[in-house]
Amino acid sequence: MIITDLREKNWNNFFAHHLQDWQGVCTKYSPQGEMFEYFESLRSFRGNEEQTQVIQNNEYKYPDGKIVEKTWQINKEPNNLADGLCHEAIPSMRTLFFEQGAAVWFKKEFEVGVNFAVELLLKVENGRNSVTTHYDGEGSLIRTVCIREDINGSQIQQWTDEMNLCAERDFAGNWQGTSITMSPDLQVSDSVKTQLHFPIEGNKNFFFPSRISVSCPGRITPENKFTIIANCFITASRLQQLAVNYDDNGAFSNVKLELFSL
């Protein structure tokens, strides 16, 4: 598939799955797993009739009554690039959208002295589970963030009102599934069979409420490969997972969307 078609596909996947009013709760956790902040969030995306422009409006409502709003304009030209969608909030980041609805917003590379973040979006029913890992300029994990969002107050079966992390989560069993890989140039591989390997040895693991989890390094460096994985249970026997991989130069290598069942 030529580059123009791949760019078009990435943009169309964005339009098809994410132009909604996403209402949810955002919770932030320290590297030690302590929840230190939460607020209600509303992330709204509106597209024009020609499907060439999207207006994003974020509204955050804090427990003390404070409201914060931010608005951005995303244009097909010039923001839809050959290596992903460029968001004006952080031009050094890109977004890749899978046809299934999952997405990843990522820094193209880790550079010493510059903060680093990856957001993984897992689409579930009429909702999205968003997991973000944030690192400081020295590569140390400073926080993880989980946003559970639904469309206009839809009830998602797996969600609870709990905000504190779980001590552990059981991933035992013969989890078998399929995996597709998207590369930095938007190429998507054929589906291959795979099995679950989670959490990642050596990573820090955070077991969020509503059966959402992330495994990420406590520290990253440009000299060492690293992987950040987020997953969520769709049912007790079905699991969806996104895995973002960086190479030993600190550059984004690929992202894998994996679907497992017992």
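## Strand 17, tucked inside

Let's start with strand 17, which covers residues 238-246. Eight of its nine residues are buried, so the rest of the structure largely encloses this strand. Here "buried" means under 20% relative accessible area, with exposed being over 50% and partly exposed in between (1.4 Å probe, protein chains only). Strands (E, at least two residues) and helices (H or I, at least four) are DSSP runs, numbered from the N terminus.

Keep in mind that this is a predicted model: local features need pLDDT of at least 70, side-chain atom pairs count only at pLDDT 80 or more, and totals for chains, interfaces and linings use all residues. Residues are numbered from 1 along each chain as its sequence is written, and side-chain values use heavy atoms, leaving out hydrogens and water.

## Its two partners

Two strands pair if DSSP finds at least two bridges between them. Strand 16 (residues 226-235) runs antiparallel to strand 17, and nine bridges join them. One example is Thr227, whose bridge partner in strand 17 is Asn245.

Tyr246 has Phe252 of strand 18 as its bridge partner. This hairpin has five residues between the strands, and Gly250 takes a positive phi near 80° there.

## What about the cysteines?

You'll find zero disulfides here, a disulfide being a pair of cysteine sulfur atoms within 2.5 Å. For Cys146, the closest cysteine sulfur is in Cys26, 8.3 Å away, so that is too far for a bond. Cys146 is buried, at 1% relative accessible area, and Cys86 counts as buried too, at 11% relative accessibility.
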